[in-house]
Each structure stands twice: as C-alpha cells, then as structure tokens.
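Subject: Handing over the model

Hi,

Here is the structure I promised to pass along. Please have it open while you read my notes.

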Amino acid sequence: MSKDQSLSAAISTFGVATKRKLANSAASGAPEDQLRAPLESLVAELAELSGHTRGQLSLVGETTLAHLSTRPDYAVTLRNALIGFIEVKSPGTGADPRRFTDEHNKKQWGNLKCLPNLVYTDGNSFSLWRDGVLQGSILRLEGDVESSGASLAAPPGLEALFTDFFAWQPIPPRNAKQLAQVSARLCRLLREEVAKELERNNPGLTSLAKEWRALLFPEADNEQFADGYAQAVTFGLLVARVRDVDLSLDLDKAANELRKSSTLIGTALRLLVDDDNIKKALHTSLDTLRRVLNEVDWPTITKGNPEAWLYIYEDFLEVYDNKLRKKTGSYYTPPEVVNAMVRLTDEALRDPALFNRREGLAAPTVTICDPAVGTGPLLSDNAKGTIQYRC
C-alpha cells in the first residue's frame with residue numbers, strides 16, 4: 001500500500017470511529033472526550049507514515065480536566081523524549097485559538113502559546129503552533145467527523161504537518177537575550193500551572209507554600225508564591241546548565257548533580273520539586289523546561305564574555321512579566337554608562353585637588369554604596385583592585 005493509500009485508510013478509519021463515538025447516546029463526557037481514542041490511533045498511524053516504528057511514539061493523556069486552563073490534553077514523547085503537546089477541542093470549535101471567544105479557551109491559549117511545539121485540533125481541523133506562532137496553515141479534513149464516516153478524507157499537507165510536529169527539536173539559544181526570552185515564556189507557564197494547582201489544593205504545593213510563608217515571606221499570597229516558585233525553579237535549572245548538569249535526567253537526579261557544585265541552589269531546587277504530587281501536576285511546564293534548557297550551551301551563550309549573565313534578568317522580566325519589571329525597577333545601566341561612571345569617579349578620587357586617593361576606586365578607604373545593586377555592574381567593572389562594596 002502506498003503512503004497516500006495508507007493515509008486515506010487512516011483518515012477513513014478515524015471517520016468511522018469518530019462518527020460512531022459521537023453518535024453514541026450512551027457516551028459520557030464532553031464531545032472532545034469522545035475524540036480521544038480515535039485521535040490516539042490516528043496519531044500513531046501518522047507517526048508510522050512519518051517513518052517512526054510503532055511503539056516509539058507515546059501520547060500521555062490527562063484524565064478529563066476540562067476545567068483546567070493550563071494543561072494540554074496530551075504530552076507526546078518519541079523514544080521517551082518529550083517532543084510536544086496536543087490540545088483537543090470539541091468538533092466545530094476550530095483549530096485557530098486566536099479566534100476563540102469563550103473565556104476558558106481564550107485563557108488557555110494565553111498559557112499554551114508558551115509551548116514550543118503544539119498541535120490544536122477539533123477533529124475536523126489541525127494546526128501546528130510554536131511559541132504562539134502558526135506554522136504553515138490551518139488544515140481541515142474533507143468532510144465532517146460527526147457525519148462523514150468512511151468518506152472522511154485528508155487535505156493536502158496533513159502528513160507534512162505531523163511529520164514536522166514529530167521532528168521537533170529544541171533550538172539552542174545563541175545569546176543571553178534569546179536564553180532570557182525562552183526561559184521567561186516557560187517560566188510564565190510554570191507560574192500559571194502552580195497558581196491553578198494551588199486553587200485545586202494540590203497537597204504538595206499547598207504544603208510547600210505554607211513552609212515558604214513560615215520561613216521566608218509570611219505575607220506572600222498564592223499569586224506571589226507561584227511567581228517566586230516559578231522563578232526559583234527556572235533559574236535553578238539555568239544554573240544547572242551553567243554547571244553542565246544534564247537535564248535529561250529526572251529532576252531529582254539533576255538537583256543532586258547540581259548540589260556537587262552549587263550546594264545551596266541544588267538543595268533548594270530539590271526541595272521545590274521533590275514531591276510526586278508536584279512533579280505530576282506540573283509536568284507540562286517542568287518537562288518542557290528540562291527539554292528546552294538542556295540544549296543550552298553556556299560557552300556559546302557567553303562567547304567568552306564573563307559579564308554575559310549581568311543583564312539576563314531584565315530581558316527575562318520584559319517577556320515574563322513587564323509589570324513586575326516596572327514594579328521592581330529591574331532595569332540595567334548600559335555598560336557604556338557604567339564604564340563612564342567608574343572612569344570619572346576613579347579620576348576624581350585620584351585628583352590631588354579633590355580627594356587625593358592615588359589608588360582611586362581601589363583605595364582601602366573607598367566604599368561604594370549601592371542600594372539597588374542588581375547584578376552588580378559597578379562592582380564587576382572595577383578591574384583595578386579590590387574595593388569595599390556595600391549594597
């Protein structure tokens with residue numbers, strides 16, 4: 001049987017199965033739930049047509065969680081590596097989330113567009129999205145899953161859409177700004193997952209939030225905890241990559257490896273992700289973070305510049321939460337301005353008519369007071385000697 005014939009047979013079988021499921025008066029659950037089994041079979045067939053051996057691809061599906069707005073219906077793994085997600089909508093909803101009008105679907109799209117490889121489908125239409133950007137066009141089957149049965153047919157490009165979906169690999173960030181932007185999108189998704197799970201009284205996160213308040217921030221509400229948790233985990237994983245820790249390991253192993261070189265951060269990361277309830281509830285964002293950040297090569301990011309990390313956080317906040325960036329005043333001073341400030345201050349300190357400090361900024365009697373130290377650019381710029389620094 002040719003590829004075209006195999007694809008036609010797969011879509012025809014899908015049409016028969018969906019028509020029977022959707023027409024069954026005894027079926028329980030939402031219409032999209034009736035699409036699940038036929039869709040799983042169809043995706044398996046499409047994977048084989050794309051050259052993957054049966055059994056290499058796995059769809060890890062959620063139970064019915066229609067009330068959640070942060071989690072897609074399926075996580076898709078290929079040879080045990082996460083490659084993407086599939087979100088299933090009821091027939092007639094369409095596969096263009098930009099056009100959704102009801103609040104649940106709009107809010108969900110606001111979260112899921114952070115994902116790097118995502119298929120939307122309502123059974124009739126299919127679309128592929130990467131970081132919220134449509135790849136190619138939205139494809140609609142010829143016919144209707146509710147009534148066409150065996151006559152349902154594939155449009156041109158459907159096989160190519162799924163071949164592209166199955167072939168996804170994370171694109172390694174080439175510089176610090178790209179790294180900050182990629183990390184911020186996924187951190188935002190993690191924050192939303194944490195907030196939603198706190199609403200559901202997830203025992204692991206509820207307990208962790210209670211300890212967080214008791215030990216660190218007694219006034220922190222759930223929103224602030226979700227924000228702090230998401231940023232702590234994201235930057236913990238980033239530090240792990242700086243230390244060349246393999247994030248393809250599970251989170252516990254990665255945290256233990258990090259502890260060998262960064263005891264405090266490694267221990268904190270382990271405490272934040274140690275609970276099985278937490279890992280299961282947050283698997284969409286945590287697994288995607290691990291998969292994407294594991295491609296980070298720190299020497300490539302820095303290109304030999306030891307100060308490449310200095311301005312990552314401002315770029316991160318610009319994407320993650322620009323309101324938070326303004327609220328916290330997280331703006332960096334451009335290197336050119338820092339250089340001029342340090343040079344002029346050093347010259348003034350050395351001037352006999354002013355301060356007469358022959359060692360300038362390196363003089364033991366000189367202290368820099370910096371109440372908004374940020375990443376410490378003034379300190380890092382001082383290459384003339386050791387200075388006393390107060391922040």
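Below is what I found, starting with the whole chain and then going residue by residue.

First, the ground rules. This is a predicted model, in which local features need pLDDT of at least 70 and side-chain atom pairs count only at pLDDT 80 or more, while totals for chains, interfaces and linings use all residues. Numbering runs from 1 along each chain as its sequence is written, and side-chain values use heavy atoms, with hydrogens and water left out.

**The chain overall**

The protein chain has 16 helices and 8 strands (DSSP runs numbered from the N terminus: H or I of at least four residues for helices, E of at least two for strands). Of its 391 residues, 48% count as buried (buried is under 20% relative accessible area, exposed over 50%, partly exposed in between, with a 1.4 Å probe and protein chains only). The accessible surface comes to about 19500 Å², and carbon and sulfur atoms hold 52% of that (Shrake-Rupley method, 1.4 Å probe; for residues, only the protein chains shown count as cover). Among contacts with a separation of 6 or more, 59% join residues 24 or more positions apart (contact means heavy atoms within 4.5 Å).

**Asp122**

Asp122 sits in the loop between β4 (118-121) and β5 (125-130). Asp122 is buried yet has no salt bridge, and the nearest side chain of opposite charge, Arg140, is 5.1 Å away. For a salt bridge, a side-chain nitrogen of Lys or Arg must be within 4 Å of a carboxyl oxygen of Asp or Glu; Lys and Arg count as positive, Asp and Glu as negative, and His and the chain ends are not counted.

**Two asparagines with positive phi**

Asn80 has phi near 70°, a positive value in a residue other than glycine. Asn80 belongs to the loop between β2 (74-78) and β3 (81-88) and counts as exposed because its relative accessible area is 79%.

Asn201 is not a glycine either, yet its phi is positive at about 60°. Asn201 is placed in the loop between α5 (176-199) and α6 (203-215), and it is exposed, with a relative accessible area of 56%.

Thr77 lies in strand β2 and, at 17% relative accessibility, counts as buried. Leaving out neighbours within four places, Thr77 touches Gln56, Leu57, Ser58, Leu82 and Ile83. Gln56 is 21 residues away in sequence, with 8.1 Å between its C-alpha and that of Thr77.

Gln231 is part of helix α7 (residues 222-242), and is buried because its relative accessibility is 11%. The C-alpha atoms of Gln231 and Ser183 are 9.5 Å apart, and the two residues are separated by 48 positions along the chain.

**A nonpolar patch**

Leu215, Leu216 and Phe217 make a nonpolar surface patch of about 360 Å² (patch residues have over 30% relative accessible area and no salt bridge; like charges are joined within 9 Å, and nonpolar side chains, Val, Leu, Ile, Met, Phe, Trp and Tyr, within 5 Å). Leu215 lies in helix α6 and is exposed, at 71% relative accessibility.

Happy browsing!
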